[in-house]
Amino acid sequence: MRDEILKLEKAVLKLDLKEKRRASFNASIVNYLNEFIDNLSESKGFENDFSSSKEIFSTPFNDNGYPIDEILQLFNRAVNSNGIQPASGAHIGYIPGGGIPAAAYGDFIAAMTNKYSGIYYANPGAVNIENHLLNWFAEIFGFNKDSYGGNLTTGGSIANLIAIVAARDKYNIKGKDYHKTVIYGSEQMHHCLHKAIRISGLSECIYREIPLESSFHININELKKQLEIDAQMGLNPFLIIGSAGTTDTGVIDDLDSLRNLADKFNCWFHVDAAYGGFFYMLDEYKEKFIGIDQADSLVIDPHKGMFLPYGSGAILVKEKEDLLRTNYYLANYMKDAYAGHEHLSPADLSPELSRNFRGLRLWLPLLFHGKQIFKDALREKLLLTNYIYKAFEKLNYIELGPSPELTVFTFRFFSLKEEQSCFNQKLLDAIHKDGRIFISSTTIDNELWLRVAVLSFRTHLKEIDLLIEMVEKHFTNAINS
Ligand SMILES: Cc1ncc(COP(=O)(O)O)c(C=O)c1O
């Protein structure tokens, strides 16, 4: 038996990529990534020929593997050369971020060392890193350091879900109460909150979609009227959801007024600041967010406003008990982990147990680069957005949505000949086919609008000027065709 074990051990040792093999593996990957990063400024924002992606399915998992260079070439053909290029500054659609290299190195170290950051006992240092980051967020957003609770998540959707479930459990909303329990949001609320309502079982509650102001902010007077009507009807107003940076139009709701209404009607007040939150770091922008520090729960997304690669969100709640109530659990097989310490761990405050050590991807860049560079990058994006908006104002064939509060705005092309949405779809298709810069679209009141979202740390004047040039070129082509 020993011989057999040793034979298997010899085979399995290869998993560790010892010395020479690791060196050549590292060299291949570093060369590939260096080339990738060095070519990014010339790469397209979007490649709409998806055919190369199919090659993934024609490469079977064989018994003995493939050489790393062959795998990287396959990755390059089938993954890197189609769809959106989120690492590029030419990605100016949806909500970009870019993915700063220092964060990727953080992930690399986290995965190589495989430190477990779910439970304090397993690695106090790793948990301290995550808590240190959360304390920093709490400080930025004015949450009390001693009483707040927080968790680093994989993104805004999961963070919003955790918040909605915390609100449900705090207010002890049970199935028997759903028919008279009311949730308030706006048409501009991100769809992940609708998903969170569904997943948390609250879709049988009454959902009030409060009308918008013409500026796309939630209409506070309409909300107040609706709350009064609902209270008079004997319903139970429960949850008010505001946005600090809507995805479609980039506006920040009047958070202060939402807080006041939440107090008056005894509601939980949730703020989704997944997109806009980090602009609050800029002193000159604080005024736009008045009331954010008064949220019962707040969601921010470092993979947006801190430019991390995908996979980083965060939830903060005013009272940590509100996360513990839902997520804290004692299990027999975990008893060592609970012995002799009083520290709260990420696993106590979220549904996850095993998880990646996701704090390192932000902790390392913050320590390495310092805070200032992130604020400079945000300021640059704000100015670039203003610059492009002003350039579009001069084009008489463009109709603009409201002037940007942050770095997202909508626009569309005028057409005298064709129905507006059809004409804009044609132009959007042409811009996507061109692909040098990628922008996305949305529908507002059933009409198509194009969207500009400047948030990649790699988007600079060059990309913005190119977008202006593309808009002019494709409009001219369209009217001459
Ligand atoms: C305002 C807002 N909330 C929530 C989300 C969802 O976040 P994630 O994609 O990180 O799950 C987004 C994503 O763009 C967003 O813009």
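Predicted model: local features only at pLDDT ≥ 70, side-chain atom pairs only at ≥ 80, totals over all residues.
Ile56 sits in the loop between strand 1 (46–47) and helix 3 (68–80); helices (H or I, at least four residues) and strands (E, at least two) are DSSP runs, numbered from the N terminus.

Together with Phe57, Phe75 and Val79, Ile56 forms a nonpolar patch on the surface, with about 420 Å² of accessible area together.

## Two domains

The domain assignment of the protein chain gives domain 1 (107–369) and domain 2 (372–480), and their C-alpha centres lie 31 Å apart. The contact (heavy atoms within 4.5 Å) takes 30 residues from domain 1 and 20 residues from domain 2.

## Nonpolar cores

A nonpolar core is a set of buried Ala, Val, Leu, Ile, Met, Phe, Trp, Tyr and Cys residues joined through side-chain atoms within 4.5 Å. The largest one has 66 residues, and those with the most contacts inside it include Phe137, Phe141 and Ile292. Helix 5 (residues 124–140) gives the most to this core, with eight residues. Because domain 1 and domain 2 both give residues to this core, it lies between them. A second, separate core of 30 residues includes Leu427, Leu448, Val452 and Ala478.

## Notes on the model

Residues are numbered from 1 along each chain as its sequence is written, and side-chain values use heavy atoms, without hydrogens and water. Local features need pLDDT of at least 70 and side-chain atom pairs count only at pLDDT 80 or more, whereas totals for chains, interfaces and linings use all residues.

Methods
Patch = residues over 30% accessible without salt bridge, like charges linked within 9 Å, V, L, I, M, F, W, Y side chains within 5 Å. Areas by Shrake-Rupley, 256 points an atom, 1.4 Å probe, with all protein chains shown as cover. Salt bridge = Lys/Arg side-chain N within 4 Å of Asp/Glu carboxyl O. Buried < 20%, exposed > 50% of the residue type's maximum accessible area, 1.4 Å probe, protein only. Domains from an automatic or database assignment.
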